[in-house]
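Let's take a friendly walk through a protein model together. Have the sequence and the 3D view open as you read.

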Amino acid sequence: MSLRTGGPARAGQYAALLAYLIFLAFPFLWLISTAFKPARELGSLHPTWIPRNPTLDNFRQAFDEQPLLQAAANSLIAAVCAALIAVVIATPMAYVMARNRGRLSTAATGWVVVSQAFPFVLVIIPLFLILKNLHLINTLWGLIMVYVVWSLPFALWMLAGYVRAVPPELEEAASVDGAGRVRILVSVVAPLLAPGIVATALFAFITAWNEFFFALVLLKTPEKQTLPVVLTHFLGAEGVADLGPLAAAAFLATLPSLVLFAVIQKRITGGMMAGAVKS
Amino acid sequence: MNPIQGSEEVEFVTLSTATKRSGPSGARGPRDGRAGGGTGAGRAARDRATWFLVLPALIPILILSVGPLLYGIMLAFTDAQSGRTRSTQWIGALNFQDLLHDTLFWDSFRIGLLWAVGVTVPQFFLALGLALLLNQKLRMRWLARALAIIPWAMPEVVVGIMWRLVYNPDAGILNETVRDLGLGDGRDWLTGLATALPAVILVGIWAGMPQTTVALLAGLQNTPHELHEAAALDGAGAWRRFRTVTWPALKPVALSITALNFIWNFNSFALVYVLTSGGPGGRTRLPMLFAYEEAFRYGQFGYAAAMGCVMVAVISVILACYLAGRLRGGEDA
């Protein structure tokens, strides 16, 4: 595989790779280090990489200072509902987009691309007014509706790719047996798509779990707010934050998406690679 | 032959057989891959089924995405404000005229462009370097791939918080490193007038590295290896091989990811909101932050919508250039 590369060149490559590894890892390592440091060490003028007296105090304090559990529950409800609804309504449309070559699927694909480009500020003001008229401001349901629509483009994109990988011969067999389109989708295609549907749902979950802008605008009271919004309360008015609890809470908020992302990472990068190659 | 090429081929075959099997083509619209749908009644039933499949997603999209977009454009021509009693008036292009003279907005627009270019361009070269390295058989490759997940999977808010901890003037690792290296006492990076924007740009570069790297890596793995080897045998050096073999194959992917990155960066909000809230003195106030404040702090819905329209217009121009470039790229190939 590798082309002729001499010793010095190889060494240079390793040095470069090491530099990249440090660049990618150091902020995250610093976050973890800060999260486990006692207040005294955080106050010291010469911070160290490894806490001398590691402690869990910051985590306890973080839960005392802000309604983290409530916020995590809100995030969980919003992300789970959004992910489930998104894949349930996206799968049939993705199926049509993958199998029909017509104006509808061209328009849908075009919309998928364009929706990546418009600034949310142009959408959020009207959405705010619409949800206000429906009395859905400051409710998780309003946010879930927004998240569903917001995650649809990518869900459609991913799912359509998975549908294309299903051989149409199977569907023809069912069609000959007299099954209608909906039947075919439910009993023939959907089972084969299951891994793709799960990956898409997890990705939608992560996106909703991490989302900040819509949640910031639509949720007003602390007991309704999601984790990313509540995290910003730790920053305080003038940005003078309690570093330890801030780091602890931030670290905790990242874990679910990191774990899930590790699980589906191959599929995401695979799908992205396919998309990138196609374009 | 790499797996991606393989799957693309399968996909292509699938599509072409699907079209071949679709029978005599009717006057209207969508064809599908199933046999035995020749009769009018059969096709009508199938069209009904198609609508049944599409509507659950289409209706929410129209109501909560396309609708608001159009409504937002309309609002830009009104004096809409939040929480006021008298009704909203149609004021024509007045908002846009005001915008034209709003130096604060143009400052933020300039900062937005600086930020988008400042993040997108260095990030592209860094990611290209990393992708080229990961394309080699190096020992720590798996570790780099694993680490590259972190910025991707993290909530932007946490990325912002994390870097605030790094940049912290007293307890942060950056100033401690600066002190250790004997480069002075360090400084307050995020609140310094000169350092704030570069500091924020560095975070933007870090946060977007994975996506860009993965996309470029995909492009690299798509370059035919035989050509590489042939070029190497002919005595072409690394740079020449890159220019004549790698780059031409990589160009379409590079163009796509750069255009998308530029747009995403120009529209970004959460990262800078958490890092600086647009300060100091507006030095990092991106257009999205400006519009957000205008809408939800000062309640100027119509004016903020007009800002959104201007942003869309600029992005459309960029998208158009990108599409034109991509079409030309296609002809080259």
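In what order do the elements of chain B run from the N terminus on? They run α-α-α-α-α-α-α-α-α-α-α-α-α, and the count for chain B is 13 helices and zero strands. Here helices (H or I, at least four residues) and strands (E, at least two) are DSSP runs, numbered from the N terminus.

Before going on, a word on how to read the names and values. This is a predicted model, in which local features need pLDDT of at least 70 and side-chain atom pairs count only at pLDDT 80 or more, while totals for chains, interfaces and linings use all residues. Residues are numbered from 1 along each chain as its sequence is written, chains are lettered from A and ligands numbered from 1 in the order in which they are written, and side-chain values use heavy atoms, leaving out hydrogens and water.

How confident is the predictor about chain A? The pLDDT, its confidence in each residue from 0 to 100, has a mean of 86 in chain A, where 92% of residues reach 70 or more. Within chain A, confidence is highest in helix α10 (residues 213-218), at 95, and lowest in helix α5 (residues 103-115), at a mean of 77. Over residues 275-279 of chain A the pLDDT is below 50, and this stretch has 13 contacts in the model beyond near neighbours in sequence; a contact means heavy atoms within 4.5 Å. Where pLDDT is low, the predicted coordinates should not be read in detail.

Now look at where the two chains meet. Helix α1 (residues 7-35) of chain A and helix α8 (residues 196-221) of chain B pack at an angle of about 105°, with their axes 11 Å apart. Axes are lines fitted to C-alpha atoms, for helices over the stretch in contact, and angles run from 0 to 180 degrees between N-to-C directions. That angle makes α1(A) roughly perpendicular to α8(B), a label for 65 to 115 degrees. On the α1(A) side, A:Tyr20, A:Phe23, A:Leu24 and A:Pro27 meet B:Leu202, B:Trp206 and B:Met209 of α8(B).

The structure holds zero disulfides over all chains. B:Cys309 is also buried, with a relative accessible area of 13%; buried means under 20%, exposed over 50%, and partly exposed in between (1.4 Å probe, protein chains only). Of the 333 residues of chain B, 51% count as buried.

Technical notes
Disulfide = S-S within 2.5 Å. Parallel < 35°, antiparallel > 145°, perpendicular 65-115°, else oblique.
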